[in-house]
Structures are given as C-alpha cells and as structure tokens.
Amino acid sequence: MLAQAKTLVVGLGNPILGDDGVGWRVAEEVARQLADPAVEVDRLALGGLSLMERLIGYDRVIIVDAIQTPGGIVGDVYQLDLRDLPDRSAGHTTAVHDTSLQTALQLGRQMGASLPDDVQIVGIEADRVYEFSEELTPAVATAVPQAVQVVLDLLQLEYGGKG
C-alpha cells in the first residue's frame, strides 16, 4: 500500500474584507464535509515567507483564495498549479512588504526546508476585496459550493475517492 501524501488545504484571505474572505468560507465548508482526518484544513491571512513557513512538512497543498484577473467574471472558479501562475501578486500568495510564494518556496528549499512540490491554487474571481464587510457579493457567495467541490475533487484524485 502506498503512503498517503501529507496534505494541507489553506483558505487565504481576510474574513472582514468582503470577497477577500471567500478562501476562509471555502476552507470552513471543506473541513465540514471532509471525511479524511489525514488532510489538515487551515485558514490564514498570511502571504510570502509567512505562508511558506506554514507549508513546511507537507507533500501537497491546496490554496484557496480570492483573485482578480483582467477581464475575469466575478464568481468564476479557477484551478491552477502554482507553477502556472506568474511570479507576482495573485491574491495573498504575496504581500506588499514580502515576496511572492514562488520565491519564498525557492528560498525555503535553498535553506533546507521540507516544502511541497505540489501546490494547487483554487481561485475565486472576486469583486470587492478592500471594503470592510463580512458578506460576500452574491456572485462570489454562489461560487463557494463550486470551489468546495473543486477542492474535494482534487483531494479525491490524490486519495483514490476516499475524500
């Protein structure tokens, strides 16, 4: 029997900044539905080096975050490999006074940290991410179940349907 990869699901964002809290909402629902105690679920408002430190010791990470892309349709859900993203700001994978997650992971590896090679991003196209509110816009709220399903599907791919 093959050993299962140590997996972390991270919902990124700030739950009091409107659509920016969607990563937390998705992570909460994934944790509620997940039947596999081998998968850890966390909610964070960290980026760059701080986020990299949280990923130490995991084989696989799924990051859920609000994103804003040129021409994106609010509420669209994307599933990407971190390697597919440009090495610049993509939601909270970077911070103003920090570095991108890609650069932070490279630095961590150079320092000998045990970091995942498999980092998947589930992004939800957001509208309002800088307004103080605990509410998601309707299109983003409607996308939460779809994003949850994307995460659960990614976990089932790894665990052969046990998720």
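R32 and E29 both belong to helix α1, where they stand three residues apart, about one turn of the helix; helices here are DSSP runs of H or I with at least four residues, strands are runs of E with at least two, and both are numbered from the N terminus. The side chains of R32 and E29 meet in a salt bridge with an N to O distance of 2.5 Å, the term being used for a side-chain nitrogen of Lys or Arg within 4 Å of a carboxyl oxygen of Asp or Glu. R32 is exposed, with a relative accessible area of 61%, whereas E29, at 21%, counts as partly exposed; buried stands for under 20% relative accessible area, exposed for over 50%, and partly exposed for what lies in between, with a 1.4 Å probe and protein chains only.

The model is a predicted one, in which local features need pLDDT of at least 70 and side-chain atom pairs count only at pLDDT 80 or more, while totals for chains, interfaces and linings use all residues. Residues are numbered from 1 along each chain as its sequence is written, and side-chain values use heavy atoms, with hydrogens and water left out.

Side chains of opposite charge can pair when their charged atoms come close. By the salt-bridge rule the count comes to eight. One of these salt bridges is formed by R43 and E28, whose closest N and O atoms are 2.4 Å apart. This pair links distant parts of the chain, since R43 sits in strand β2 (residues 39-44) and E28 in helix α1 (residues 22-33), 15 residues apart. Both partners are partly exposed, R43 with a relative accessible area of 37% and E28 with 38%.

Because D42 lies in strand β2 and R54 in helix α2 (residues 48-54), the pair ties together parts that are 12 residues apart in sequence. Salt bridges that share partners join E40, D42 and R54 into one network.

Leaving aside residues up to four places away in sequence, D81 touches V119 and Q120, where contact means heavy atoms within 4.5 Å. The side chain of D81 also makes a polar contact with the side chain of Q120 at 3.1 Å; a polar contact is a pair of N or O atoms within 3.5 Å, and within protein one must be able to donate a hydrogen and the other to accept it, residues adjacent in sequence counting only if both atoms are side-chain atoms. A polar atom of the D81 side chain lies 2.8 Å from the backbone nitrogen of R83.
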